[in-house]
Amino acid sequence: MQATSTRIESIETILVDVPTIRPHRLSVATMNCQTLVLVRVVCADGIVGVGEGTTIGGLAYGEESPESIKVNIDTYFAPLLEGMDASRPGAAMAKLRALFQGNRFAKCAVETALFDAQAQRLNVPLSELFGSRVTDSVDVAWTLASGDTGRDIDEAEQMLDMKRHRVFKLKIGARAVADDVAHVVAIGKALGARGEVRVDVNQAWSESDTIWAAPRFADAGVSLIEQPVAAGNRAGLKRLTDLAHVPIMADEALHGPADAFALASSRAADVFAVKIAQSGGLTGAASVAAIALAANIDLYGGTMLEGAIGTIASAQLFSTFSELKWGTELFGPLLLTEEILTEPLRYENFALHLPQGPGLGVTLDWERIGRLRRDSKRGASVAMR
Ligand code: MUC
Ligand code: MG
């Protein structure tokens with residue numbers, strides 16, 4: 001048991017169910033609600049760190065569900081960490097990784113909370129623990145995924161009018177390939193030079209589907225094709241990258257530094273979607289980015305459609321990247337109907353602007369979270385940060 005005043009006293013996990021502003025259709029799931037998995041690490045010096053380990057579509061996207069993230073933190077991680085020194089997040093996470101397999105999202109949530117607490121303790125923004133910021137804002141793309149071409153065009157027009165987003169990622173892969181191509185071409189035509197169009201297939205296509213679609217996308221001005229084929233099909237991803245019709249981005253194929261190294265070694269993609277949850281946390285994501293940059297692979301700041309905590313944690317890390325050519329898609333909180341911060345994240349002029357305060361730099365609205373949490377009868381017991 002750690003005797004210092006920075007001892008970890010308790011770890012609490014909370015499931016928060018928040019409806020989305022419209023159905024969000026991916027090839028793997030249609031989301032009407034997002035479940036945020038929030039973690040609070042309470043330290044003996046009075047500092048409370050928060051983290052998030054959110055996924056997409058229950059068990060549809062990854063190997064962890066919101067419920068598994070919660071139960072594994074509660075059952076395995078918390079008893080190990082309680083009593084350890086919170087001022088050594090690296091040591092605590094090394095122990096956790098040595099003892100427990102997998103569970104990248106759960107590890108990300110806990111690691112974020114530990115680094116949030118430590119950055120508050122040192123009175124610096126979390127970014128300063130990861131090499132320091134090179135920017136105070138990151139560009140943010142929007143995902144068009146209503147499932148309807150006309151509605152997607154209207155939504156893109158609204159985003160352009162608001163100056164909130166000018167890069168649009170289109171979710172495809174649920175329909176016939178020719179229908180998807182027609183959908184993308186129509187949106188590209190409607191937006192013209194005012195918006196940049198990219199596509200995310202979420203692994204739904206075969207290599208031959210992609211070979212057929214890619215030159216058509218190139219003609220339509222599509223700038224990026226994300227994860228067209230199955231995550232395990234690295235050789236196929238490389239062959240598609242070598243075709244060089246449209247740059248190819250790896251997303252689901254990237255489960256942390258080992259995958260990043262394997263993909264970079266064969267240059268199986270032009271761009272890496274760096275995600276803190278998929279990478280097992282902030283340090284894993286920093287390694288993925290370093291491997292990409294060393295291999296001359298471009299960076300993109302990805303999301304698991306996290307709420308405000310996972311989003312700002314990602315932004316804190318991405319703000320330290322020396323190069324972020326393809327910007328980010330850190331729009332998760334904007335897809336939700338409820339605000340969980342006392343002051344919302346600042347989206348302006350096509351970018352997310354980072355707060356200057358210590359740690360994550362945001363304050364959670366615990367009263368509202370108390371009402372939204374799945375076991376809301378316990379809401380009143382949640383202490384204020
Ligand atoms: C993904 O596959 O990139 C990111 C944006 C979105 O709508 O879904 C996510 C996941
Ligand atoms: Mg993706």
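At what angle do the axes of α1 and helix α3 cross? That is where I'll start. This is a predicted model, and the value is roughly 55°, with the two axes coming within 10 Å. An angle of that size makes α1 oblique to α3. As for handedness, the crossing of α1 and α3 is right-handed.

Now the residues involved. On the α1 side, the contact is made by Ile69, Ile73, Phe77 and Leu81. Helix α3, residues 104-122, brings in Phe105, Ala106, Lys107, Ala109 and Val110. By class, the contact of α1 with α3 has eight nonpolar residues, one charged and no polar.

Next, a glycine. Glycine 62 sits in the loop that runs between β3, residues 48-52, and α1, residues 66-81. Its relative accessible area is 16%, so glycine 62 is buried. Phenylalanine 105, one of the α3 contact residues, is 43 residues from glycine 62 in sequence, but the C-alpha to C-alpha distance between the two is 9.2 Å.

Last item: α7, residues 234-243. Which residues of α7 are buried? Gly236, Leu237, Leu240 and Thr241 are. They cover an arc of only 140° around the axis, which puts them on the same side of α7. As background, an α-helix has 3.6 residues a turn, so residues three or four places apart point the same way. What covers the buried residues of α7 includes α6 at 207-220, β9 at 248-250 and α8 at 257-265.

After α7 comes alanine 244, and the phi of alanine 244 is positive, near 60°. That's what I have.

Notes
Residues are numbered from 1 along each chain as its sequence is written. Chains are lettered from A and ligands numbered from 1 in the order in which they are written. This is a predicted model: local features need pLDDT of at least 70, side-chain atom pairs count only at pLDDT 80 or more; totals for chains, interfaces and linings use all residues. Side-chain values use heavy atoms; hydrogens and water are left out. Buried means under 20% relative accessible area, exposed over 50%, partly exposed in between (1.4 Å probe, protein chains only). Helices (H or I, at least four residues) and strands (E, at least two) are DSSP runs, numbered from the N terminus. The arc is that of the directions from the helix axis to the C-beta atoms. Contact means heavy atoms within 4.5 Å. Axes are lines fitted to C-alpha atoms, for helices over the stretch in contact, and angles run from 0 to 180 degrees between N-to-C directions. Angles under 35 degrees count as roughly parallel, over 145 as roughly antiparallel, 65 to 115 as roughly perpendicular and the rest as oblique. A crossing is left-handed if the near helix is turned anticlockwise from the far one by less than a right angle, and right-handed if clockwise. Ala, Val, Leu, Ile, Met, Phe, Trp, Tyr, Cys and Pro count as nonpolar, Asp, Glu, Lys and Arg as charged, and the others, Gly among them, as polar.
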